[in-house]
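Colleague: Could you take me through how to read a few features of a model, slowly and one at a time?

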Amino acid sequence: MFSKFKIAFVLLLIGAFSGLAIWGTYTLTYDQIQENRARARLEMYLDMFPDMDTTLEDPDDISGPILGMRLVEEPEHSSVFEVYEVYDSNSNQLGYVMRGRGNNDFGYAEVIVGVDMNGVIIDVLISDTDNTPSYVTPLINNYLVNFAGQTLSDVSFDSNTGATATYGVVRRVVEDSMLLIEGDPILSVYQDAIAEVDRYETSYEFLLGVISEEVRLIDSNNDTVGFAYLGRVDYEGHEYRIGVIVSDDEVLKAFVVVEETVPSGLSEALSAFDSYLDQAIEDITDISASGDLEEALKAILEAGLRRSTESEEVRFARNYFLDAETVEMTQIDEGRLNMMVKVFDDQGDQLGYLIEGRDTNDFGFVEVVVQIDMDGIIIDVVISDHDNTEGYVIPLINDYMGNFSGQPLNDVEFDTNTGATATYGVVQAVVEEAYTYYENEMGSE
Amino acid sequence: MSWTVFFVAIFSSMLINNVVLMRFLGVCPFIGVSKKTNSAIGMSMAVLFVMVVASLVSYLLYYLVLVPLNIEYVQTIGFILIIASLVQLVEMFIKKVSKKLYKSLGVYLPLITTNCAILGVAVANISEDFADQYGVFPGLAVAVTTAFGAALGFGLIMFAFSTIRERLEAAVIPEAWKGVPISLITAGIMALAFAGLGGIV
Amino acid sequence: MAQAKAKKKDLGYLANLTKGFIKENPIFTFMLGLCPALAVTGTVETSLGMGLLVIFVLVSSNVVVSLIKDFIPAEVKIPSYIVIISTFVTMVGLLTEAYAPALFDSLGIFIPLIVVNCLILGRAESYASKNNVLNSAIDGLGMGLGFLGAMVLIGFFREFFSTGAIAYGVYLPLAVEGSIVNLEWYILNIAVLAGPAGGFLVIGLLLGLFNSIAITKRNKKERERQKMIEEKKRLALERKRKKAMESAGGKA
């Protein structure tokens with residue numbers, strides 16, 4: 001009996017001592033551990049801003065906000081999702097931290113950009129990613145370090161890595177950070193013309209023709225308030241982006257250069273068109289120009305104005321036939337085909353046909369446009385939209401789609417090598433159906 | 001929470017994050033008790049039983065006792081005591097219920113107290129934050145499933161390794177490499193093979 | 001075994017300290033504490049950290065166990081030891097998290113697992129519970145240093161052959177054709193050794209190496225012994241013959 005008590009007593013004693021020892025150590029280390037945990041959370045920021053104020057807003061909430069980093073903006077239409085202002089303990093601003101995120105084919109990457117008050121990048125970090133580590137590590141070691149010390153507004157990206165998917169995300173975030181910090185010079189150009197403009201997005205890129213880009217101007221209510229049509233002119237060996245801004249009610253608002261510095265010769269040439277400002281588009285008919293530069297500007301003005309008044313169908317047609325003026329559209333409800341568009345030029349002469357088809361495959365959908373001339377020869381086959389994996393589609397476009405051009409529709413040679421790939425399968429099916437439709441509907445004409 | 005969570009938990013803790021080959025837990029019995037297939041199976045069964053029960057009890061201890069009392073830092077000592085007393089209990093229980101089972105499993109039970117796989121899985125279950133992800137009680141189910149998968153993984157490796165070692169006994173090996181060295185290198189090659197399973201989940 | 005124990009008592013402090021270095025090395029001779037030896041030896045830094053933590057726990061638990069060995073009833077010896085050890089492990093864990101957070105992060109789950117490191121319980125049970133405080137402390141330190149040495153050796157091999165760095169990411173500059181280059185870009189990029197499989201492979205290879213050295217040594221000793229025995233035999237025979245001759249001569 002006594003021995004049992006002894007056992008219990010000894011165990012109790014050991015337990016008590018060990019409890020005491022652990023509790024003692026715990027109390028001793030508590031503050032330091034809490035500080036370490038808070039520090040670990042901020043480590044990346046502290047590396048960029050060592051003087052940053054790390055005082056907690058609520059001393060009991062160790063994962064809560066801290067005084068030194070104030071969330072100032074959560075941009076919606078940007079790869080950057082949080083902008084912080086960083087302060088030291090005397091409330092002097094030290095710089096900015098931008099947290100951005102982007103998706104690529106391998107998953108996502110979260111990027112942190114630290115910028116000081118002079119707009120110089122302190123560091124660019126990948127804070128989180130599920131991309132393959134062996135792709136990301138060399139990127140971090142060899143390329144991300146190059147950002148440090150560069151001025152944000154004049155940052156040079158690495159052209160060697162420009163193509164890699166992870167670097168693509170980094171680049172997007174850095175560019176968006178620049179727009180958020182420096183303000184967007186291009187946006188202010190649009191705002192000078194139409195005050196309501198809040199943001200803009202490229203709504204179409206033209207592969208051919210005088211204008212290269214259609215930009216949609218959007219106000220804070222997400223309504224379209226106008227369009228800008230951008231083209232390029234050469235002036236004194238330098239290429240300038242020149243744009244026409246047209247308001248939503250089709251009034252010419254401005255004819256401007258989308259560049260920060262404009263040589264005087266160019267701005268003089270531009271001012272020759274000032275008299276057309278604030279006129280309704282249909283009233284601007286006879287545009288006069290003198291000299292090569294003005295001719296070039298006139299071409300952009302005319303193309304932009306014409307584009308701004310086009311109907312959806314004409315716009316669609318003009319993506320393929322540059323001279324398209326009027327169209328005749330037929331909806332098709334059979335098989336994979338959606339519609340057929342007959343395209344005419346300004347003389348009323350038919351230029352050719354566009355047949356659009358759409359089909360789903362294992363990866364999603366693919367939309368294909370077959371462009372045919374009056375002799376039934378394929379001018380081009382284009383994948384106009386798809387949600388297949390980019391990586392599969394790009395080589396297809398680069399290597400195989402071009403082979404259609406110049407082949408007669410009734411005797412197309414399909415590529416047997418790619419015949420098996422899912423995306424090409426849709427293209428082939430649409431081209432075949434386009435041929436059947438063409439034979440039935442138009443062959444007899 | 002869908003059923004796939006459990007499937008993923010079993011699959012990843014059994015094959016991808018294998019306790020022995022990837023997390024290096026329970027290496028001592030892996031080297032020590034794998035000379036004969038029979039003892040390997042016996043050990044694995046004992047580990048399976050203790051690991052699942054220990055994970056269950058230690059999880060409950062953590063979330064129902066330590067967290068409300070705010071003394072998470074005594075986790076280690078609490079868990080090891082649970083495991084030690086569990087092993088004692090299981091030993092007594094098996095002794096009473098079946099002499100035959102005791103004979104086959106009993107010898108391995110005292111070894112289990114110092115099998116770091118048991119404590120390792122119990123601690124990992126807490127640090128994986130299942131309770132934050134799914135809530136305390138659904139998290140318990142995930143934790144127990146993970147422990148079950150880990151024990152299956154342990155058994156799988158023990159069994160495979162013991163059959164390899166039985167073969168190695170008969171093979172001609174330079175004297176210096178006999179026994180543990182060649183076993184470790186075999187284990188290394190097995191770990192290489194298992195590394196190929198990463199990325200499945 | 002009994003013989004070995006009897007011998008140990010006669011060892012001086014220095015021998016007590018150094019026995020764990022090579023002859024009774026915990027990892028390479030006794031296979032104790034293999035789990036951390038495999039898991040945290042990816043770099044020298046973590047190996048060193050783990051070794052230091054183990055030394056601390058081992059010395060403290062040895063001292064405490066040997067202090068109270070007379071008060072602990074035999075029935076609850078093991079549970080008591082476990083409580084003592086896990087107390088020190090918890091303390092060491094808290095202290096590491098407070099004062100060496102980077103080490104704490106890289107060792108992760110293997111800090112609580114020091115509790116089940118067979119080395120520590122083994123020394124408490126087989127040495128500290130039978131010897132006085134000073135000897136137990138020296139034994140703990142010696143065994144701990146042996147463990148640390150083995151860990152660092154494994155860590156060195158793994159880090160060097162997987163990244164080319166000697167330790168702490170420091171590269172060995174090598175003069176090749178008059179210019180200094182990093183080994184990193186040459187053959188020393190066996191990434192496998194830093195991964196899980198590397199632990200098994202490196203320890204296996206090191207063990208095999210040590211075994212073969214030991215076997216060569218043993219064979220050499222054996223041969224020397226044989227030689228000595230034969231020499232003695234020869235001498236004895238000679239003496240015998242001499243004696244026989246002498247006695248024969250004497251008679252004659």
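Modeller: Gln75(B), Thr76(B), Ile77(B), Gly78(B), Phe79(B), Ile80(B), Ile82(B), Ile83(B), Ala84(B), Leu86(B), Val87(B) and Ile94(B) are the buried residues of H4(B). Buried describes a residue with 20 or more other C-beta atoms within 10 Å of its own, exposed one with 12 or fewer, and partly exposed one in between, the C-beta atoms being placed from the backbone. Helices (H or I, at least four residues) and strands (E, at least two) are DSSP runs, numbered from the N terminus. This is a predicted model, in which local features need pLDDT of at least 70 and side-chain atom pairs count only at pLDDT 80 or more, while totals for chains, interfaces and linings use all residues. Residues are numbered from 1 along each chain as its sequence is written, and chains are lettered from A and ligands numbered from 1 in the order in which they are written.

Colleague: At what angle do H3(B) and H4(B) pack?

Modeller: Axes are lines fitted to C-alpha atoms, for helices over the stretch in contact, and angles run from 0 to 180 degrees between N-to-C directions. Helix H3 (residues 37–69) of chain B packs against H4(B) at about 140°, with the axes 10 Å apart. That makes the pair oblique, since angles under 35 degrees count as roughly parallel, over 145 as roughly antiparallel, 65 to 115 as roughly perpendicular and the rest as oblique.

Colleague: Where is Asn70(B) found, and is this residue buried or exposed?

Modeller: Asn70(B) sits in the loop between H3 and H4 of chain B, and is exposed, with 7 other C-beta atoms within 10 Å. Although not a glycine, Asn70(B) has a positive phi of about 65°.

Colleague: How many residues of chain B are in contact with chain C?

Modeller: Two residues are in contact if their C-beta atoms, placed from the backbone, lie within 7 Å. By that rule, 33 residues of chain B are in contact with 34 residues of chain C. Helices H2 (27–32), H4 (75–97), H7 (116–127) and H10 (180–195) of chain B are the elements that each give two or more residues to this side of chain B, and the largest share, 9 residues, comes from H10(B).
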